[in-house]
Amino acid sequence: MNVPIWSEEINKGNQPEILFWVGCAGSFDARAQSITKAFVTILNKVGISYAILGKEEMCTGDPARRAGNEFQFQMMAYQNIQLLNSYQIKKIVTACPHCFNTLKNEYPELGGNYEVIHHSTMLQQLIDQGKIVLNENGTFKGKKITFHDSCYLGRSNNIYQAPRAVIEALDASLVEMKRCKSNGLCCGAGGAQMFKEEEKGNSRINLARTKDALDSGASVIASACPFCNTMLTDGIKLNEKQEDIKVLDIAELIAQSIEL
Amino acid sequence: MEIFQQILFAGVFLTAIYFFSKRMAMIRKLILLGQSEKFEDQPSRRWMNVFMLAFGQKKMFKKVPVALLHLFVYAGFIIINIEMIEIIVDGFLGTHRFLLGWIPNYYSYLINSFEFLAISVIVACVIFFIRRNALSVKRLQSSDLKGWPSKDANIILVTEIILMLLFLKMNAADTFLQSKGIQPYSQHFTGTFLFSSFAHPLLNYFSTETIIITERICWWLHIIGVLGFLNYLSRSKHLHIILAFPNAYYARLDPPGKMKNMPTVQNEVKYAFQPELAPSSPGEQAHTFGAKDITDLSWKNLLDAFSCTECGRCTDACPANQTGKLLSPRKIMMSTRDRAEEIAKKIEHQIDWKAEEKSLLFDYIKEEELRACTTCNACVEACPVSINPLDIIVQLRRYLIMEKSSSPQEWTSMFGNIENNFAPWKFSPDQRIDWTKEST
């Protein structure tokens, strides 16, 4: 696919307006790569002036910091900020709430000041501005969709409304889980849990959350975080419901509902 | 006789206040064992938090029925303490119902509203007592509360019921004696009160002398009970009725997802990349990275620990706890306070606690508890009195990694991957753009 790379754009004499921060999950994880591709499809279709860092992007340091490895976090932050500042980047969009939180809240006091938005907010803006035109009879019209709040988007950054507005724009019926918004249950991946086995217990967190989603009666579980997506996809598979229920990122919902 | 009662009252009152002040000074000392952290920004937002979260109990209202019952106890207890002013003045001056002389037209309204609140407190406390002991509310049955904490909760409920009953009984005896024209009660004629008058038929069975003694005993027990309770609460989980207010004021205002920065580490990393910026003389050294004991935590973490009333809403909301992991945010707070209280005992007995091996991490909080946290902020969101258990958890995690190099094997690999490949997974940086080479 056609994805502009920041360094190449600079060499061509272009200064893109927005950096799309792909994140490690979005770059390497097979499932999350399709979210990345869906979002890039939308960016290309709308004609946004953007680029990615490509091979120069590094982990923001989020999992290292939450695990307690502040040295490693500071190392990553230092290198990323040096690069972002050298490219004079002003605005960043990302589909990962963990990258979003770190870039938006934790980099400024280390010298990295950017306008950072999450892709849910950007998608909502593009819909509101009429730049994303959805199909009259879209794939999700009338379907029951539930939205799983990512902790790093919701409780951590108070973004509850934007992803819901995106779902409602699909003419779908948004059904809430019993625990939602500020009471939403974690998927189990945060705090670097994604990268280790769960501690000893009597159940798994992603199964508890999958049960909430199944109880909602929705046929699509929408998420706005690649890690939540992985955890819930696993949960649905363990419940052997993958034929009936799809776990999709809001970027994928939109990409499947626009004329290409 | 009167003067003897006045002297006795002054003695009891001043002793209670002395011990209470001494205890509060100790709590202050313990809190200030923590590291300094400044919270002076945005005073208007902070006062708003005091008003909405502490005074207005906004977060309690996530569950309305419980919130209303709690509101009765809270309002009842605070407002009835206005009655304490009268009792204290009467006690010192040897007067009887001195407010009656000041506001003769409103006095009965005042006491009637106190009586209404006293009844509300009794009803709410009885429901709370049954709920806590007979119904299976998960957060109140948890093993966190085994032993002293569950006794503590019941002592508080029963004491509040007894104090309110004494207040009503005192009023009943007083107004009964007034109606019989007994001196000096009839000199301070208040008329009967709404609720305590229901006890009058019972009093007909007793002699006037017994009722006079009853009135005096109730008065004394009520004031001794309140003063005793004041001292008790400073040693119990009930301290939240005082500390919830400063705790709301000093709550962190940053987005909850933002972790506290460590400027020492930030600078070390900066000097590693840009040695020319490093100061020529090595600055203060011997920092502990992260927290091992309460002295490494911020003073706000310790204020949090003393503000905790062990309600367990945090633990109820914790995804790790719900799925049977060892982590309980409430227990993190209780352990922090237990450790502080242990140090208080050592200070009182002049034992050099700093020389001992014991610490919050390892002796009170186990690695396994800390490892289970997903940093989801549900505990922080759930707390009605602005406590942040997550802040303590991550500081202890920092100690484990940076001072002890103790991490689960998968995390060690993750750190290795981030260091070598700049991603938590084992992919090379070149593979970062592989997805762009595929079609959609």
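Student: Is B:Arg46 buried or exposed?

Tutor: B:Arg46 is buried, because its relative accessible area is 1%, which falls under the 20% cut-off. Please keep in mind that this is a predicted model.

Student: Which residue does B:Arg46 meet in a salt bridge?

Tutor: The partner is B:Asp41, and the N to O distance between the two side chains is 2.9 Å. B:Asp41 is partly exposed, with a relative accessible area of 37%.

Student: OK, over to chain A. What about A:Arg65, which residue does its side chain meet in a salt bridge?

Tutor: The side chain of A:Arg65 meets that of A:Glu106, at 3.2 Å from N to O. This pair links distant parts of the chain, since A:Arg65 sits in helix α4 (residues 62–67) and A:Glu106 in helix α6 (residues 97–106), 41 residues apart. A:Arg65 counts as buried at 1% relative accessibility, and A:Glu106 likewise counts as buried at 1%.

Student: Which residues are linked with them in a network?

Tutor: The network of salt bridges links A:Asp62, A:Arg65, A:Arg66, A:Glu70 and A:Glu106 with B:Arg398.

Student: Switching topic, how is chain B divided into domains?

Tutor: Domain 1 covers 2–31 + 63–238 and domain 2 covers 290–421. Their centres, taken over C-alpha atoms, are separated by 38 Å.

Student: How much area do domain 1 and domain 2 of chain B bury between them?

Tutor: They bury about 1800 Å², of which 52% is on carbon and sulfur atoms. In domain 1 of chain B, B:Leu30, B:Ile31 and B:Arg139 lose the most area to domain 2, together 39% of what that side buries.

Student: What about polar contacts and salt bridges across that interface?

Tutor: Eight residue pairs are in polar contact across the interface, counting pairs with both residues at pLDDT 80 or more, and the count of salt bridges between the two domains is two. On the side of domain 1 that touches domain 2, α1 (2–31) and α6 (138–141) of chain B each supply at least two residues, and α1(B) gives the most, with six residues. By class, that side has eight nonpolar, three polar and seven charged residues.

Methods. Residues numbered from 1 in each chain as written. Chains lettered and ligands numbered in written order. Predicted model: local features only at pLDDT ≥ 70, side-chain atom pairs only at ≥ 80, totals over all residues. Heavy atoms only, no water. Salt bridge = Lys/Arg side-chain N within 4 Å of Asp/Glu carboxyl O. Helix = DSSP H or I, 4+ residues; strand = E, 2+ residues; numbered from the N terminus. Buried < 20%, exposed > 50% of the residue type's maximum accessible area, 1.4 Å probe, protein only. Domains from an automatic or database assignment. Buried area = accessible area lost by both parts, 1.4 Å probe. Polar contact = N/O pair within 3.5 Å; in protein donor to acceptor, adjacent residues only side chain to side chain. Nonpolar A, V, L, I, M, F, W, Y, C, P; charged D, E, K, R; others polar.
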